[in-house]
Amino acid sequence: MVNIGNMMKQAQQLQKKMSEAQEKLNSIEVEGVSGGGLVKVTATAKGEIKKILLDESLLKKEDKEMTEDLIVAAINDAKQKGEVASQEEMKSLTGGLPLPPGMKLPF
């Protein structure tokens, strides 16, 4: 027979670990890069953009459209890297148990 008290205790511990993991994701930083390093975006693993660095060569009026495209590409690169870092952190939290496809933590 399942001990409800133990299950509740485990659920509370998991909830605490989830909260700690979420806080940790705010401190993990990733760098997205595009244009061979001409544009760099620093973001948290949760997707908050912290910094955008542009190479001076991109600051010409005739390169405006390309620069805008490179910024978007760098942001998307940082976002993807943040998702990978988040998945790795959650994997350590769940003890490596795979989650069903499409299911993300926290719920």
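Is threonine 42 buried or exposed? At 11% relative accessibility, threonine 42 counts as buried, where buried means under 20% relative accessible area, exposed means over 50% and partly exposed lies in between (1.4 Å probe, protein chains only). We will come back to this residue after a short tour of the whole model.

This is a predicted model, in which local features need pLDDT of at least 70 and side-chain atom pairs count only at pLDDT 80 or more, while totals for chains, interfaces and linings use all residues. Residues are numbered from 1 along each chain as its sequence is written, and side-chain values use heavy atoms, with hydrogens and water left out.

**The overall layout**

The protein has two helices and three strands, and from the N terminus on they run α-β-β-β-α. Helices (H or I, at least four residues) and strands (E, at least two) are DSSP runs, numbered from the N terminus. Of the 107 residues of the protein, 24% count as buried. Among the contacts with a separation of 6 or more, 48% join residues 24 or more positions apart; contact here means heavy atoms within 4.5 Å.

**Two helices side by side**

Helix α1 covers residues 4–27 and helix α2 covers residues 64–93. Their axes come within 10 Å and cross at roughly 155°. Such axes are lines fitted to C-alpha atoms, for helices over the stretch in contact, and angles run from 0 to 180 degrees between N-to-C directions. The two helices are therefore roughly antiparallel to each other, since angles over 145 degrees count as roughly antiparallel, under 35 as roughly parallel, 65 to 115 as roughly perpendicular and the rest as oblique.

On the α1 side, the contact is made by Lys17, Met18, Ala21, Gln22, Lys24 and Leu25, and on the α2 side by Ala85, Ser86, Glu89, Met90 and Leu93. These residues divide into six nonpolar, two polar and three charged. Here Ala, Val, Leu, Ile, Met, Phe, Trp, Tyr, Cys and Pro count as nonpolar, Asp, Glu, Lys and Arg as charged, and the others, Gly among them, as polar.

Glutamate 89 lies in helix α2 and is buried, with a relative accessible area of 15%. Leaving aside neighbours within four places in sequence, glutamate 89 is in contact with Ala21, Lys24, Leu25 and Ile28.

**The nonpolar core**

In soluble globular proteins, nonpolar side chains tend to be buried together. In this model, the largest nonpolar core has 15 residues, and those with the most contacts inside it are Val39, Val41, Ala78, Met90 and Leu93. A nonpolar core is a set of buried Ala, Val, Leu, Ile, Met, Phe, Trp, Tyr and Cys residues joined through side-chain atoms within 4.5 Å. The elements that give two or more residues to this core are α1, β2 and α2, and α2 gives the most, with six residues.

**Residues in and around the strands**

Threonine 42 lies in strand β2, which spans residues 39–44. Not counting residues up to four places away in sequence, threonine 42 touches Glu29, Val30, Glu31, Glu48, Ile49, Lys50 and Lys51.

Leucine 53 is found in strand β3 and is partly exposed, with a relative accessible area of 43%. With residues up to four places away again left out, leucine 53 touches Leu38, Val39 and Lys40. Glutamate 56 lies in the loop between β3 (49–54) and α2, and is exposed, with a relative accessible area of 69%.

| Residue pair | Distance along the chain | C-alpha separation |
|---|---|---|
| Leucine 53 and valine 39 | 14 residues | 5.8 Å |
| Glutamate 56 and leucine 38 | 18 residues | 8.4 Å |
| Glutamate 89 and glutamine 22 | 67 residues | 9.1 Å |
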